[in-house]
Amino acid sequence: TGSAVSTFREDVDDIAHYMENLVDGSGILAFVVSAMWVLFRIDATLASIVLIPLGLALILTQSLSGHIRRFRRRMRTATERVTGFLGDLFAAIESIKAAGKEAPMLSHLEYVNRERQRAALKDSALTELLRSINRNMANLGIGAVLLIGALLTAMAGFLGLLYVHARRARRRDAAARELEKAREAAPATAGLARQGSQVPSR
């Protein structure tokens with residue numbers, strides 16, 4: 001009875017969630033492929049950096065899939081026990097009251113509820129941990145792209161300044177050399193001018 005109730009109650013939602021995730025997943029996949037194509041056309045290095053956190057999240061999800069299925073199965077089994085016990089309890093309520101077994105039945109109900117609580121906590125904790133890691137991996141990828149993009153921009157600006165200063169320095173050196181040559185040539189030119197002035201005219 002507990003298994004049937006849990007199946008009719010939860011499998012319907014699971015089927016609806018599966019179809020919803022299938023429709024949403026196809027759109028998300030198309031968006032990711034388009035975004036990565038645009039990123040690779042802009043800068044392949046930054047696009048590769050974005051793929052690192054996504055790959056880590058995918059590897060982590062695949063490695064924890066066995067634990068997720070095991071915890072989910074334990075929670076379903078514990079829920080079925082509670083549901084089945086409650087159904088049997090309400091069906092035999094008159095016999096239990098006639099026999100005076102309310103206290104043992106309540107004690108067993110508390111026990112199966114505690115088992116279900118522990119199983120649900122493990123399943124919820126692992127699910128939320130994986131969800132938070134996936135979300136933070138996406139934020140980490142965005143932050144890495146922004147940080148590396150800023151560093152590359154700053155480096156390009158710094159190299160541009162170095163190039164401008166080096167070019168100005170070369171121009172100053174060339175002008176200084178030209179001026180030095182002009183100074184060296186000035187005495188010889190002056191001497192030739194004096195010799196020309198001392199030559200007697202015929």
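Leucine 22 is partly exposed, with a relative accessible area of 48%. You'll find leucine 22 in helix 1, which covers residues 2-42. Keep in mind that this is a predicted model.

**The patch around leucine 22**

- Leu22 teams up with Ile15, Tyr18 and Met19 to form a nonpolar patch on the surface.
- Together, these four residues have about 450 Å² of accessible area.
- Why does Leu22 count as partly exposed? Its relative accessible area is 48%, and the label covers values between under 20% (buried) and over 50% (exposed).

**The largest pocket**

- The largest pocket holds about 1,700 Å³ of space.
- A total of 37 residues line this pocket, and the closest to its centre are Asn21, Thr61, Leu130, Arg131 and Asn134.
- Helix 1, helix 2 (44-91) and helix 4 (102-198) are the elements that give two or more residues to the lining.
- Sorted by class, the lining of the largest pocket has 18 nonpolar residues, 10 polar ones and 9 charged ones.

**The second largest pocket**

- This one has about 170 Å³ of space.
- Its lining is made up of Phe71, Arg74, Thr77, Ala78, Arg81, Glu115, Arg118, Ala119 and Lys122.
- Helix 2 and helix 4 each supply at least two of the lining residues.
- Which helix gives the largest share of this lining? That's helix 2, with 5 residues.
- By class, the lining of the second largest pocket splits into 3 nonpolar, 1 polar and 5 charged residues.

- Side chains of opposite charge can pair when their charged atoms come close.
- In this model, the count comes to 3 salt bridges.

**Arginine 72 and aspartate 123**

- The side chains of arginine 72 and aspartate 123 meet in a salt bridge, at 2.8 Å from N to O.
- This pair links distant parts of the chain, with arginine 72 in helix 2 and aspartate 123 in helix 4, 51 residues apart.
- Is aspartate 123 buried or exposed? Aspartate 123 is buried, because its relative accessible area is 6%, and the cut-off for buried is under 20%.
- Arginine 72, on the other hand, is partly exposed, with a relative accessible area of 35%.

**Arginine 118 and glutamate 115**

- Arginine 118 forms a salt bridge with glutamate 115, and their closest N and O atoms are 2.4 Å apart.
- The two residues are 3 residues apart in helix 4, so about one helical turn separates them.
- Arginine 118 counts as partly exposed at 42% relative accessibility, and glutamate 115 is partly exposed too, at 27%.

**Arginine 131 and glutamate 128**

- Arginine 131 and glutamate 128 meet through their side chains in a salt bridge, at 2.6 Å from N to O.
- Both lie in helix 4, 3 residues apart, which is about one turn of the helix.
- Arginine 131 counts as partly exposed at 36% relative accessibility, while glutamate 128 is partly exposed with a relative accessible area of 45%.
- Arg131 also turns up in the largest pocket, as one of the lining residues closest to its centre.

Note on methods: Residues are numbered from 1 along each chain as its sequence is written. This is a predicted model: local features need pLDDT of at least 70, side-chain atom pairs count only at pLDDT 80 or more; totals for chains, interfaces and linings use all residues. Side-chain values use heavy atoms; hydrogens and water are left out. Patches are made of residues with over 30% relative accessible area and no salt bridge: like charges are joined within 9 Å, nonpolar side chains (Val, Leu, Ile, Met, Phe, Trp, Tyr) within 5 Å. Accessible areas come from the Shrake-Rupley method with a 1.4 Å probe; for residues, only the protein chains shown count as cover. Helices (H or I, at least four residues) and strands (E, at least two) are DSSP runs, numbered from the N terminus. Buried means under 20% relative accessible area, exposed over 50%, partly exposed in between (1.4 Å probe, protein chains only). On a 1 Å grid over the protein atoms alone, a cavity is a set of points where a 1.4 Å probe fits but cannot get out, and a pocket is an open set with protein on both sides within 12 Å along at least five of seven lines; lining residues have an atom within 4 Å of a point. Grid points are joined across faces, edges and corners, and a volume is the space filled by probe spheres set on the points. Ala, Val, Leu, Ile, Met, Phe, Trp, Tyr, Cys and Pro count as nonpolar, Asp, Glu, Lys and Arg as charged, and the others, Gly among them, as polar.
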